[in-house]
Amino acid sequence: MSLLFEFPRSTLVVTFSVFFLALFPVVALAEATSITVQVDQPGILVAPTLHGLFFEDINYAADGGLYAELVQNRSFEHRDAMYAWTPALRGGAFGMMAVVSDIPLNANNPKFLRFQVFNGANGGVGVVNSGYDGITLRKGENYLFSVYARGHDGKPAGLEIQLEDTNGRTITSEHIANISSGWKKYELTFTSPSDELNARLAVLATETGTTDVDMVSLFPAKTFKGRTNGLRVDIAQTLADMKPGFLRFPGGCVVEGSNYADMYRWKDTIGDVSERKQNWNLWSNDASPQYHQTYGLGFFEYFQFCEDIGAEPLPVLNCGMCCQARGGVHIPLDQLAPYVQDALDLIEFANGPVTSVWGAKRAAMGHPKPFNLKFLGVGNEQWMQEYFDRYDIFYKALKAKNPEITLITTAGPQENDGFFKFAWGKFKSGTPAQIVDEHYYRPPQWFLQFNNRYDNYDRKGPKIFVGEYAAHDYTRRNNLRSAIAEASFATGLWRNADVVVMSSYAPMLSNINHVQWGPDLIWFDNTRVVRTPNYHVQAMLAQNRPDVVVPVQMDAPVVTPAAFTGRIGVGTTFSQAEFKDITVTKDGQTLLKSDFSKNGDGWTARSGTWVVKDGAYLQTTVTGEHCIYAGDPSWSDYTLSLKARKIGGNDGFIINFAVQDGTEMTWRVGVGGGGQDRLEIPGATDPYVPGNVEVGRWHDIRVELKGSTVKCYQDGQFIQEADCKPTRSLYASAGRATKTGEIIVAVTNPTATPQAVRLNLAGVKSTKLTARVTVLTSVSPEDENTFEKPAQVQPVEEAVTSSGPQFERTLPAWSFTVLRIKP
Ligand code: AHR
């Protein structure tokens, strides 16, 4: 039975302390939105894994990021063998050097550096490593240096190892003498005498004759939990602080690879670091080209890190398919056996006894105890029958040998496209699926409109892993607006915790100097880590995840969508294309008519390579998305017409409308390799239809706006339409923490207006309640955390007391509030 205590307002005011008044500004009850938490109902169990982390090696997240190694290209296996190394002749020395592969350390590490010293004089013949954007050293801290080296012809060789400051001055050095013939590891410890942000490491051969070096490494002695070959303390601690329920690794597309050669194979990433088979990373863009993966951070280290932070390990394996979005190849079904065996062996590596083949390898790496693996992902963002042919084979083999492992299957890269529907068709017609991995990168408003996404999912169907999600506005910034949208959406995840068992923001890490994808949960450089507003949301969710979710009744006002209003734009998405005859008309009047006879005056390019040519505006950068904009932000109810011609590339056109600062609506024409159109109106229920863009053909495009509806036409044919779904002014969910008995309420205000709420705890009899309240908000929805202002948006915590089972509070505009109430 629900007991709802409502005190007369005067009683409430009298019993509040001054402190309490400050935190819960009293507002007229009539204006307040009532939130009733049914504490007296049994509720649904919440998986401890509901909020976790998605790690991908993108944006230098591993090497040059979480992995603490300070030397870049330590084993000369980079495609450009001397990458990050500069030759150096010191103190009048005379000689030469070359990267060679004659009797290497091992077959996986074929290249090494050979010095020929003709005269070492008072210095040496050597190389200088610039680290990852410089090497950071802290005064008084220890650094562990190691190198494999060998001399030749029975002559003892010598190496001078120097740490240098930005100006090349030696700040400390050590000598390794008597280096014998035959590869051997040599180790030293340096104590840095000064703070250096841009130090270098020099390795100089000092003795006349031949000296070989490989695996030149410098690690801070302090790593997370003191692990050998460990992780950067500040980044790892930021991840640990979130208290994630799981860690998915080693990524999304990076698992798939763009081709056979760069598929991620976990067996390449274990064992001694000198024996790991390194590879290229598929991620690249104009600003940050493809980079090298040393796999120093490999599967053993991921498992160990999971253990160190109390997160369930969730590895995702290649299922015999390369990235379909990149046109990648598939392994023929009759050659899939090694991939299936990889999965079986991984389970043995994680959980098998030390007497098993792979369990013994784990033990040899220093972890005889099993890692207690429970989940395994089969493929990432794969789609259509090609995937299910392979998934079925994996499923049968894995379930036959390891029925205890819960398998995760993919539903493609989008939230509701043809691939997604195909996958769900399979799950509903007999394909066994335990947990389905769904991905969506959508505008902030979408996350509000689809808060109820899982309300009607089949309770008897597979469970859901929201494996990658992030609110993307067109600024692609980690601002408060996107964070509050994600928090609002997460209240829907809590409410549906009987279906949704895992979720993770993506991507997790970005090195500010090597950005291949934004927004990202956490930004870093060599010395600093920034927790974005989105990170704070994930941390608040994970740290306050209830064990049981109870029903909440709320009468939050509906926010009716305003008429689509704003400028227009055209552009390309992973394609080259040109545009002409762009017009905007309204009620028979022409608001804009493009003239590209001479130049592009009046148009602003966001990015890309735009040139005016033969009366059209041409964009030639193939990767990424590039738009030009024109018009007036006050325009509404207009018709945009234009001609567009694809010249090359994978996808098609972008047509923008209702463009404002921070938001825009988009019709994507001929995306997904040209075969799909997507109408990105926040709230479009079914945004995908089949599409067709022909290379070299001028297509007529027309978009008609009326209020908050849009209709799209191509070559005179109606293609698709959508209506903007309304949102709510508040989103809330609540539950209980079993151990402490606390009632946990999460509530967001994603609007620009403060909202008064009255929180009733149905079934609570106590006359005095204490609560810990955490609020994430800021002045503007555009506010973000930067290296200069890392704490502009951060949670503020307070303790409050009430005199009965009811709280009143005004929720700030753009805010996320969590109350932990002790009944
Ligand atoms: O998170 C970045 C990428 O987005 C992932 O690699 C991929 O799974 C998705 O397309």
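Where is the place of Pro-250 in this structure? Pro-250 sits in the loop between strand E15 (246-249) and helix H5 (253-256); helices (H or I, at least four residues) and strands (E, at least two) are DSSP runs, numbered from the N terminus. The peptide bond that leads from Phe-249 into Pro-250 is cis, with omega near 0°.

What you see is a predicted model, in which local features need pLDDT of at least 70 and side-chain atom pairs count only at pLDDT 80 or more, while totals for chains, interfaces and linings use all residues. Residues are numbered from 1 along each chain as its sequence is written, and side-chain values use heavy atoms, with hydrogens and water left out.

Now take in the whole chain. It has 13 helices and 52 strands. Its radius of gyration, taken over C-alpha atoms, is 29 Å, close to the 28 Å that the globule rule gives for 823 residues, so the chain is as compact as a globular protein of that length; the rule is 2.2 Å times the number of residues to the power 0.38. The C-alpha trace spans about 90 × 75 × 55 Å along its principal axes. Of the 823 residues, 59% count as buried, where buried means under 20% relative accessible area, exposed over 50%, and partly exposed in between (1.4 Å probe, protein chains only). Contact means heavy atoms within 4.5 Å, and of the contacts in the chain with a separation of 6 or more, 75% come from residues 24 or more positions apart.

Next, follow one of the sheets. Seven strands form an open sheet in the order E2-E27-E46-E47-E52-E49-E50, with antiparallel pairing; two strands pair if DSSP finds at least two bridges between them. Strand E2 (44-45) and strand E50 (796-802) stand at the edges with a single partner strand each, so one side of each has no neighbour in the sheet. Strand E49 (residues 769-776) is joined to E50 by 7 bridges, and one of the bridge pairs is Val-773 with Glu-798 of E50.

Around the ligand are Phe-54, Glu-56, Gly-252, Cys-253, Trp-283, Asn-380, Glu-381, His-439, Tyr-441, Glu-468, Pro-507 and Trp-517, each with a heavy atom within 4 Å of it. Polar contacts are pairs of N or O atoms within 3.5 Å; within protein, one must be able to donate a hydrogen and the other to accept it, and residues adjacent in sequence count only if both atoms are side-chain atoms. An N or O atom in the side chain of Glu-381 is 2.8 Å from an oxygen atom of the ligand. For Tyr-441, a polar side-chain atom lies 2.7 Å from a ligand oxygen, and for Glu-468 the distance from a side-chain N or O atom to a ligand oxygen is 2.6 Å. The protein covers 94% of the 280 Å² of accessible area that the ligand has on its own; such areas come from the Shrake-Rupley method with a 1.4 Å probe, and for residues only the protein chains shown count as cover.

A cis peptide bond joins Ala-506 and Pro-507, with omega about -15°, and Pro-507 is found in the loop between strand E23 (500-505) and strand E24 (509-511). Most residues other than glycine have a negative phi, and most peptide bonds are trans.

Which residues have a positive phi although they are not glycine? Met-215 is one of them, with a phi of about 50°; Asp-587 is another, at about 45°. Met-215 lies in strand E14 (residues 209-220) and counts as buried at 5% relative accessibility. Asp-587 has its place in the loop between E31 and strand E32 (589-593) and is exposed, with a relative accessible area of 72%.

Finally, visit Ser-192, in the loop between strand E12 (184-191) and strand E13 (196-205). Ser-192 is buried, with a relative accessible area of 2%. A polar atom of its side chain lies 2.6 Å from the backbone oxygen of Ser-194. Beyond its neighbours within four places in sequence, Ser-192 is in contact with residues including Leu-137, Arg-138, Tyr-143 and Ile-171.
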